[in-house]
Amino acid sequence: MAAAGLRLAAVLLLFGLSCSKKHGFQPTDPLGIANKWVYDSMQLYYYWNKDLPAQPPYQLPTEEFFKKLLSAKDRFSWLYNGQLSTYPKSAAELFGFHYALVPHPFQAGRLTGIVTMVIPGSRAYLVGLERGMFFTKVNEADINAAAPAETAKRVVEGSTVTLQLASFDRDQTSLADSAVVVIPQGPVPQQSVFAARHFVRNGIRTGYLAYYLCNEYDDGSLLQAVGKLQEAAIAELIIDLRYNPGGSVASATKLAAMLAPAFNPDALFITYQGNQHGGKLQQSFAQAIAFSVVPQGRDMNELKALNLGLKRVFILVSQHTASAAELLAHNLRPFLPVILIGGKTLGKDEAAFKIEDRRTPRQVDWVIMPTVYKIADAHGMGNYSDGLLPDYTVDELSQLPLQPLGLPGDRSVDKALQLIYGSTAVQPVELKIKKNGIGSGNIEFIRPSSGGPVIVYR
């Protein structure tokens, strides 16, 4: 969501920080100077700047100082420096897989891990990790049911992660350790469209689009997938956002434009509300898309031609659905009925942009990413910081083992199919998307010929 505030950011940079030296505390030591820059930046840009302490503790190390400035309502602002620290990353960002810790299916009081999604082309994918696999240890340590955060930390603390895999026996009456798999860190492809297909029953076609990243550099694949759905003459559509962490607002808006009936590029789509300096910023579809850095999808006539003409849309969501993906689900509602299925979303109804310390000389390359705007739709409706609530709650982890994503048997998909057809007995038809866009779209992912993981036995 950074792009939405760039114009305003440029204006504020012209007059804001240069005015801060006219009054207040003026330190001379390097730590105080860095902390004063952080405080002045937050006074200017921060959505909750009225919550900043009047007498901040300038003597603290900068990272601790920054934490003291944050509002109790703030979950997402962060600061780091390019020399000494990195922004914490998830298992999906480092290795390419999502997981959950769930009650052990056969032993009360214990937890076990379960792989919920694997990103194609990632290191996790290439060593054979698959959705539904269980694991009982991380880096040779048992999963501590009393302190699951320890396991979460252990997953991401090293350059590799070692999982003790486990599986059901033939009768599915016990869970036994099987093999050990070692997954190295590595580049995770920034693919946006994971699958496109449609389901057929009684001549009615329902499209399915797994959209797992709002990545502008893969917008060519997004447009191609929607075009394939249009060619299939779908009457209904299921959009899977369960593992979409967000990304580009422009990309999310392009998809929204192809879903909104009677698409009007000049119709208001997003409202941004900032502090007393930022004020309110409203953007139409065309204005939001104009921030896109790639040509794919910037032509309003092309988006009109690809419009699916739907009467409603089903969107699958989870706690991993965040930021621009939440905006897509929320801001579509003024244009057509949106039926949310799954779990409550993360609740990142915010926009931020990067603020870098470019003073000369400077001691450290500090970067701040503060919340600058709160997000609302065309009617000014927002306030979903607690997450978007589904219309139909589905706990996919309540029934194990997990089934493949996006097909009958996947509980969230089943719920949508039941609402559409009254049945899950459908015929899936795959739609082949040629990965010919820029970015990660031209990568072909091939697993080892054995089809299984690269295993190291202990």
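**View A. Tyr46 is buried, with a relative accessible area of 0%.** The model is predicted: local features require a pLDDT of at least 70, side-chain atom pairs count only at pLDDT 80 or more, and totals for chains, interfaces and linings use all residues. Residues are numbered from 1 along each chain as its sequence is written, and side-chain values use heavy atoms, with hydrogens and water left out. Buried denotes a relative accessible area under 20%, exposed one over 50%, and partly exposed the range in between (1.4 Å probe, protein chains only). Helices (DSSP runs of H or I, at least four residues) and strands (runs of E, at least two) are numbered from the N terminus.

View B. Tyr45 and Phe353 are both buried. Trp48 counts as buried, at 7% relative accessibility. Ring pairs also link Phe95, Phe97, Tyr99 and Phe135 into a cluster.

**View C. An open sheet of seven strands has mixed pairing.** Two strands pair if DSSP finds at least two bridges between them. The strand order is β19-β14-β13-β10-β9-β8-β20. At the edges are β19 (392-393) and β20 (427-430), each of which pairs on one side only. Strand β14 (residues 338-342) runs parallel to β19 and is joined to it by two bridges. Ile341 has Tyr392 of β19 as its bridge partner.

**View D. Helices α7 and α12 meet strands of the seven-stranded sheet.** Contact is defined as heavy atoms within 4.5 Å. Axes are lines fitted to C-alpha atoms, for helices over the stretch in contact, and angles between N-to-C directions run from 0 to 180 degrees. Helix α7 (residues 219-231) lies across β8 (193-201), β9 (204-211) and β10 (236-240), and runs at about 170° to β9. Ser221 is located in helix α7 and is buried, with a relative accessible area of 0%. The side chains of Ser221 and Asp218 are joined by a polar contact of 2.9 Å. Such a contact is a pair of N or O atoms within 3.5 Å; within protein, one must be able to donate a hydrogen and the other to accept it, and residues adjacent in sequence count only if both atoms are side-chain atoms. In helix α12 (residues 411-421), the buried residues include Ser412, Val413, Asp414 and Ala416. The buried residues of α12 pack against β8, β9, β10, β13 (313-317) and β14. After α12 comes Gly422, whose phi is positive, near 75°.

**View E. The largest nonpolar core comprises 76 residues.** A nonpolar core is a set of buried Ala, Val, Leu, Ile, Met, Phe, Trp, Tyr and Cys residues joined through side-chain atoms within 4.5 Å. The residues with the most contacts inside the largest core are Val38, Leu209, Tyr211, Leu237, Ile239, Leu255 and Ile315. When neighbours within four places in sequence are left aside, the contacts of Leu237 include Thr206, Leu209, Leu229, Leu259, Val313 and Phe314.

**View F. Four strands form an open sheet with antiparallel pairing.** The order of the strands is β12-β11-β18-β15. The edge strands, β12 (280-284) and β15 (350-352), each pair on one side only. From one strand to the next, the twist averages 30°. Three bridges connect β11 (residues 268-273) with the antiparallel strand β18 (residues 371-376). β15 and β18 run antiparallel and are joined by three bridges; Ala352 stands opposite Thr371 in β18. Six of the six residues of β18 are buried, so this strand is largely enclosed by the rest of the structure.

**View G. Asp357 is found in the loop between β16 and β17 (366-369).** With a relative accessibility of 3%, Asp357 counts as buried. Asp357 and Ser41 are 316 residues apart in sequence, and their C-alpha atoms are 9.5 Å apart in space.

Notes: Rings of Phe, Tyr and Trp (its six-membered ring) pair if their centres lie within 6.5 Å; planes under 30 degrees apart count as stacked, over 60 as edge-to-face and the rest as tilted.
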